[in-house]
Amino acid sequence: MSETQSTPVVVADGLIKQFGRFAALRGVTGEFAGGKLYVILGDNGAGKTTLLRTIAGLAYVTRGKISVLGSTEIKASRAEIGYMAHPSLLYDEMSGMENLRYFSELYGIPAPDVDKRCRDAIASVKLDPDLERPVGQYSQGMRQRMSLARALLNDPKLLLLDEPFSNVDARSAAEMAMLVAQARDRGKTVFVVTHQPAQLEAYADEFIWMELGRIVDRTATLGGHQ
Amino acid sequence: MKHGFTVLAVITAVLLSFALYTALVMAPVEQTMGNVYRIFYYHVPSAIVAFGLFFINFGASLVYLIRRNTKADMLALVCAEVGVVFCTVNLITGSIWARPVWGIWWTWDMRLTLTLVLWLIYVSYLVLRRFSTSSQTALLAAVLAIFGALDVPLVYFSIWFFRTQHPSPVMGGGGSLDPHMGYALLLNFVAFAFLAWLVCWTRYRLEVAQRAVHEAEAMQSLMEGAR
Amino acid sequence: MSFLAITRATLAKDIRLEWRSKDAINAMLFFSLLVVVIFSFAFDPTAEESRRIAGGLVWVAFLFAAIVALNQTWARELRNQVLDAYRVSPAPAIPLFISKAVGNFVFVAVLEALMTPLFIAFYKLRALGPAWQLLPIALLGTWALVVNGTFFAAMSLRTRAREIMLPLLLFPLSIPALLGMVNSTTAVLTGESSPTFWIALLVAYDVVFTVACLLLFETVLEAE
């Protein structure tokens with residue numbers, strides 16, 4: 001475990017997110033130091049995805065303040081964030097390289113570096129960069145790995161993964177878990193929302209337990225929560 | 001606040017009754033149309049009130065877009081709803097009036113067409129508010145209101161030019177107004193304005209209460225979770 | 001990362017995706033053809049007055065084809081939540097809007113180019129006025145539909161009954177543009193009046209709403 005950053009990477013203060021009669025977040029407060037791997041756990045409807053999307057700057061809170069990478073401006077940190085969700089966030093009709101080349105443009109990766117960066121990202125998730133098959137025809141495990149490659153493309157400081165192991169074969173899941181831990185070892189801060197915490201038990205720094213829109217506990221081990 | 005509301009309600013009731021009496025009994029009979037024309041005392045004021053409310057909606061939407069002020073959003077919603085009601089009254093009374101007088105149910109004259117287009121825009125505004133799944137419904141609605149406001153002058157000019165090429169009967173009558181009629185019209189306008197104010201105020205209070213209830217329901221589990 | 005580079009990349013990506021799902025294009029092309037045929041059955045093309053009503057018919061047919069096309073192009077961004085990938089990147093919102101609008105414009109223009117010869121054939125259309133004016137009218141009118149259409153298609157992503165919300169929001173606001181398109185086309189076809197005012201109206205409409213869309217698109221895109 002490394003503690004390369006002393007200032008907290010994410011600071012949440014009383015986050016409330018309301019949709020009409022329903023509140024997804026009912027007062028989330030906490031500070032999260034950099035360079036750690038956090039695993040967020042909880043039942044469906046606990047607010048895990050909402051919290052992750054709020055950190056990613058994709059969702060707004062009704063009340064409360066959140067600061068990500070030192071800024072409360074939603075758009076300020078986008079270049080430093082990598083986000084992955086259960087849907088692949090990829091275009092089904094294009095190949096892996098074509099997808100990543102497009103997203104490289106969005107991140108402003110200079111043209112001469114694009115090809116190498118994309119190939120490296122795909123290789124790092126143990127996929128073949130020269131595979132011309134469209135992503136829509138991949139297996140779920142391959143697709144999630146390619147999605148992770150996309151999330152890592154811009155070498156983000158903050159990595160946010162929402163259910164990366166869902167419906168994924170055991171080998172792909174283990175590979176991704178290892179990659180995520182390696183990202184943390186390189187100094188990145190990682191938040192993973194998952195229903196399969198066992199995959200990350202060996203690597204995680206902290207487990208965050210959510211219930212009914214609030215953080216109810218933070219433990220160092222999986223067995224620490226009552 | 002409570003007193004103010006009651007006072008307003010009483011004044012409105014008085015004004016409306018008197019205005020009704022003026023319109024139906026006191027105002028002189030019109031030369032060509034006979035007593036049918038009296039519907040004009042509802043037709044014209046409802047149009048002015050509707051347009052006024054839509055204008056307030058535009059202002060409130062603009063404020064919301066810039067400041068994200070919840071009160072501005074509620075005001076916008078209220079004015080849109082009540083405005084649509086008065087606009088509907090205007091369109092229907094216009095139709096009812098036209099039929100016995102000019103023999104037609106509808107004509108594409110300037111005022112009517114503009115009113116119809118505004119009605120369409122604001123109904124779509126209300127539909128958007130109802131069908132939105134976003135948590136930022138107020139913002140989307142405000143954007144639509146701005147677009148609507150930008151559209152109005154374009155609609156005006158397009159109909160104006162169209163009418164110069166295809167003249168048709170002008171409803172609501174041009175020409176000068178008998179001073180007694182003018183008085184009755186003004187009175188009815190004031191009465192309608194007060195009515196609109198009363199209804200808007202009621203609807204506003206309802207909206208405030210509704211939002212408070214939603215918020216309470218949403219946060220309810222917080223109490224349970226804290227146990 | 002520049003606006004131009006991102007716009008170009010997004011447009012290229014969209015064209016590539018459109019090309020690869022040829023089914024959708026073919027279906028759209030066939031749909032446009034059907035619309036023309038149905039209209040020709042409904043409004044008897046041998047009538048004397050066809051030149052007078054053709055302007056309206058043609059533009060209503062274009063409007064329906066455009067609605068179907070507009071709904072399609074944003075639908076692609078909803079699959080696999082891929083729009084989130086754009087939003088979470090530092091790329092600004094405006095290049096996305098411009099590339100979608102331009103892409104839609106090209107797509108609708110292709111549909112119009114297919115439908116027009118059919119209308120000319122079915123209605124035996126011949127312009128009595130200066131026919132060259134039909135080109136700027138077509139361009140301005142199509143842009144009027146597409147610019148607001150792209151904007152409101154994006155807005156309707158945030159609603160239920162998404163596909164009906166687009167025409168519901170678009171039609172009332174498009175009324176002045178529709179008057180402009182139809183009347184200018186009729187003016188040129190019949191040669192009985194000058195389309196100048198209507199063309200000026202279309203220009204005003206296009207300018208006003210292009211600016212409004214560019215200024216407010218980001219608000220709509222981020223309104224989750």
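Guide: What follows is a short tour by question and answer.

Visitor: What kind of model is it, and how is it numbered?
Guide: This is a predicted model: local features need pLDDT of at least 70, side-chain atom pairs count only at pLDDT 80 or more, and totals for chains, interfaces and linings use all residues. Residues are numbered from 1 along each chain as its sequence is written, while chains are lettered from A and ligands numbered from 1 in the order in which they are written.

Visitor: How many helices and strands does chain B have?
Guide: Chain B has 6 helices and 0 strands. Helices (H or I, at least four residues) and strands (E, at least two) are DSSP runs, numbered from the N terminus. The pattern along the sequence is α-α-α-α-α-α.

Visitor: What box do the C-alpha atoms of chain B fill?
Guide: Roughly 80 × 45 × 25 Å, taken along the principal axes.

Visitor: What share of chain B counts as buried?
Guide: 35% of its 227 residues. Buried means 20 or more other C-beta atoms within 10 Å of the residue's own; exposed means 12 or fewer, and partly exposed is in between, with C-beta atoms placed from the backbone.

Visitor: Is Ala72(B) buried or exposed?
Guide: Ala72(B) is buried, because 20 other C-beta atoms lie within 10 Å. Its place is in helix H3 of chain B.

Visitor: What is Ala72(B) in contact with?
Guide: Leaving aside neighbours within four places in sequence, Ala60(B), Val63(B), Tyr64(B) and Arg67(B). Contact means that the C-beta atoms, placed from the backbone, lie within 7 Å. The C-alpha atoms of Ala72(B) and Ala60(B) are separated by 5.0 Å, and the two residues are 12 apart along the chain.

Visitor: New topic. How many residues has the largest nonpolar core?
Guide: 123 residues, and Ala76(B) and Ala66(C) have the most contacts inside it. Such a core is a set of buried Ala, Val, Leu, Ile, Met, Phe, Trp, Tyr and Cys residues joined through C-beta atoms within 7 Å.

Visitor: Which helix gives the most to this core?
Guide: Helix H3 (residues 70–102) of chain B, with 15 residues.

Visitor: And where do chains C and B touch?
Guide: 27 residues of chain C are in contact with 28 of chain B. On the chain C side, helix H7 (162–190) and helix H8 (196–221) are the elements that give two or more residues. H8(C) gives the most, with 10 residues.

Note on methods: Two residues are in contact if their C-beta atoms, placed from the backbone, lie within 7 Å.
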